[in-house]
Amino acid sequence: MGIGLKVRRLALLAGMAACAFGMSGAEAAEKHKIFLSMSYIGNDWQAEAANMVKAMAAHKSLADKVDLQVQVAGPNAQRQIQQINAMVQSGAEAIVVYPISPTALNQVVKNACDKGVKVFAYDAEITEPCAYNVHIDQLEAGRVTAEWLVKKLNGKGNIIAITGVPGTSVDDQRTKAAKEVFAKYPDIKIVGEAVGMWSQAVARTELSKILATRSWNDINGLWMQVGCFTANSMQLEAGKKASELLPCAGEGSNGGRIQMLPEGTEVEGAAPPYAPAGAQRISYASPPYSGALALKLAVEAIEGKDVPKTTILPLPLVTNETIKLCDEGTWAEMKAGCNVFKPSLVSNPGWFASIFSDQTPEIGLNAALVGQPEN
């Protein structure tokens, strides 16, 4: 009996010690409460960017540190303001946000900063000085693509312009820079313009409206924030040969980049219009990994590391001369320079292909497709 009692007492003490250790371990491992605040989500880019944020949060390097919660405001600045206020009140340590406006959120962001919350905007900008911004140079994106199109047309021709989500810094800056380029060439005429919302489906609708009053033969080129894949598809549907496709300066969708490959190239899973066509293109993108990088930087800022207020990402530019097919879509393969994926790997032609960054080895193809991090 004495030995049994002693054993039970030792077991009890061991259990109490284990509980105490567990409590202190849980306290030490308490996660950072971080919110993802999304605005407009009605396009492939936003869904892909959200997948990559979630994958970053799930990576083994951050999974024990981050409690990520996601909210969607839609294209409504007031609702996004209300949601950010609620995030702050619920104890957010950081907010990663796609801002619907560069200025409308300034006061709520300032209030958040004053309470110690780190606010990181990705792709689109927030002008409040306390905010962190992670994005490409959108003015450069508009300028370089417009200059490419002007050169292709030898400074003369009728073009169609399809813009993005109104009110965002992304759309404002790209469109402003492109129109400044076109204005230098009196023989370049914008004969049709529409808001495309960065959506292939919306681009089709708006192009159809424009084509109700003019034919493809009246058009010489296209400048599209999103929609080159759709424009090429519509031309093929209208009976144009692949060799007759109009030059298009636009987005980095996988479908559009597959069309850039030389006509006749054998690609697993390809079928018209999601197939090589030798389409004349310059393809650029706001890389959808920007939100994931913003999350990674937000954690570093919470932990006291020095993080720059502005992180300018490299502008991914791909032309017919630099298009390179990914065989398996591994991170190492992307690092080696491939920039378009087989349709057998990526079934959605509207999905964006510019997913690689040396700064985000935690995320790759599966992150962008289904929100799963690299091992």
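Gly-350 is found in the loop between E14 and H12. In this predicted model, the residue counts as buried, its relative accessibility being 3%. When neighbours within four places in sequence are left aside, the contacts of Gly-350 are with Asp-44, Gln-200 and Ser-253. The C-alpha atom of Gly-350 is separated by 33 Å from that of Lys-65, a residue 285 positions away along the chain.

With regard to the protein as a whole, the secondary structure comes to 12 helices and 14 strands, and the C-alpha atoms fill a box of roughly 100 × 50 × 35 Å when this is taken along the principal axes. Of the 375 residues in the protein, 54% are buried. Among contacts with a separation of 6 or more, 72% are accounted for by residues 24 or more positions apart.

An open sheet of 6 strands, paired in parallel, runs in the order E2-E1-E3-E4-E5-E11. Strands E2 and E11 stand at its edges, and each has a single partner strand, so that one side of each is left without a neighbour in the sheet. Averaged over the sheet and with direction ignored, neighbouring strands are turned by 15 degrees against each other. The pairing of E1 with E2 is parallel and extends over 7 bridges; within this pairing, Ser-37 has Gln-71 of E2 as its bridge partner. Helix H2 packs on the sheet, where it touches E1, E2 and strand E4 (118–122), and the direction of H2 makes about 165 degrees with that of E2. Helix H3 (residues 77–89) likewise packs on the sheet, touching E1, E2 and strand E3 (94–97), and the direction of H3 makes about 175 degrees with that of E1.

Strand E1 (residues 32–38) includes His-32, which counts as buried because its relative accessibility is 15%, a value under the 20% cut-off. Apart from neighbours within four places in sequence, His-32 is in contact with Lys-65, Val-66, Asp-67, Glu-93, Val-299, Ile-302 and Glu-303. Two of these contact residues, Lys-65 and Glu-303, are themselves joined by a salt bridge between their side chains, with an N to O distance of 3.2 Å. Lys-65 lies in the loop between helix H2 (44–58) and strand E2 (66–72), whereas Glu-303 lies in the loop between helix H10 (290–302) and strand E11 (310–312), so the pair ties together parts that are 238 residues apart in sequence. Both partners count as partly exposed, Lys-65 at 31% relative accessibility and Glu-303 at 35%.

The side chains of Glu-206 and Lys-209 meet in one of them, at 3.3 Å from N to O. Both residues lie in helix H7 (residues 200–211), where they are 3 residues apart, about one turn of the helix; Glu-206 is buried, with a relative accessible area of 17%. A salt bridge is also formed between Lys-335 and Asp-358, whose closest N and O atoms are 2.8 Å apart. This pair links distant parts of the chain, 23 residues apart, with Lys-335 in helix H11 (residues 331–335) and Asp-358 in the loop between strand E14 (340–341) and helix H12 (365–370).

As for helix packing, helix H5 (residues 138–152) and helix H6 (residues 169–183) pack at an angle of about 35 degrees, and their axes are 7 Å apart. The crossing in which H5 passes H6 is right-handed. On the side of H5, the contact is made by Gln-138, Leu-139, Ala-141, Gly-142, Arg-143, Ala-146, Glu-147, Leu-149 and Val-150, and on the side of H6 by Val-170, Gln-173, Arg-174, Ala-177, Ala-178, Val-181 and Phe-182. Sorted by class, the contact of H5 with H6 has 10 nonpolar, 3 polar and 3 charged residues.

Note on methods:
Residues are numbered from 1 along each chain as its sequence is written. This is a predicted model: local features need pLDDT of at least 70, side-chain atom pairs count only at pLDDT 80 or more; totals for chains, interfaces and linings use all residues. Side-chain values use heavy atoms; hydrogens and water are left out. Axes are lines fitted to C-alpha atoms, for helices over the stretch in contact, and angles run from 0 to 180 degrees between N-to-C directions. Helices (H or I, at least four residues) and strands (E, at least two) are DSSP runs, numbered from the N terminus. A crossing is left-handed if the near helix is turned anticlockwise from the far one by less than a right angle, and right-handed if clockwise. Contact means heavy atoms within 4.5 Å. Ala, Val, Leu, Ile, Met, Phe, Trp, Tyr, Cys and Pro count as nonpolar, Asp, Glu, Lys and Arg as charged, and the others, Gly among them, as polar. A salt bridge is a side-chain nitrogen of Lys or Arg within 4 Å of a carboxyl oxygen of Asp or Glu. Buried means under 20% relative accessible area, exposed over 50%, partly exposed in between (1.4 Å probe, protein chains only). Two strands pair if DSSP finds at least two bridges between them.
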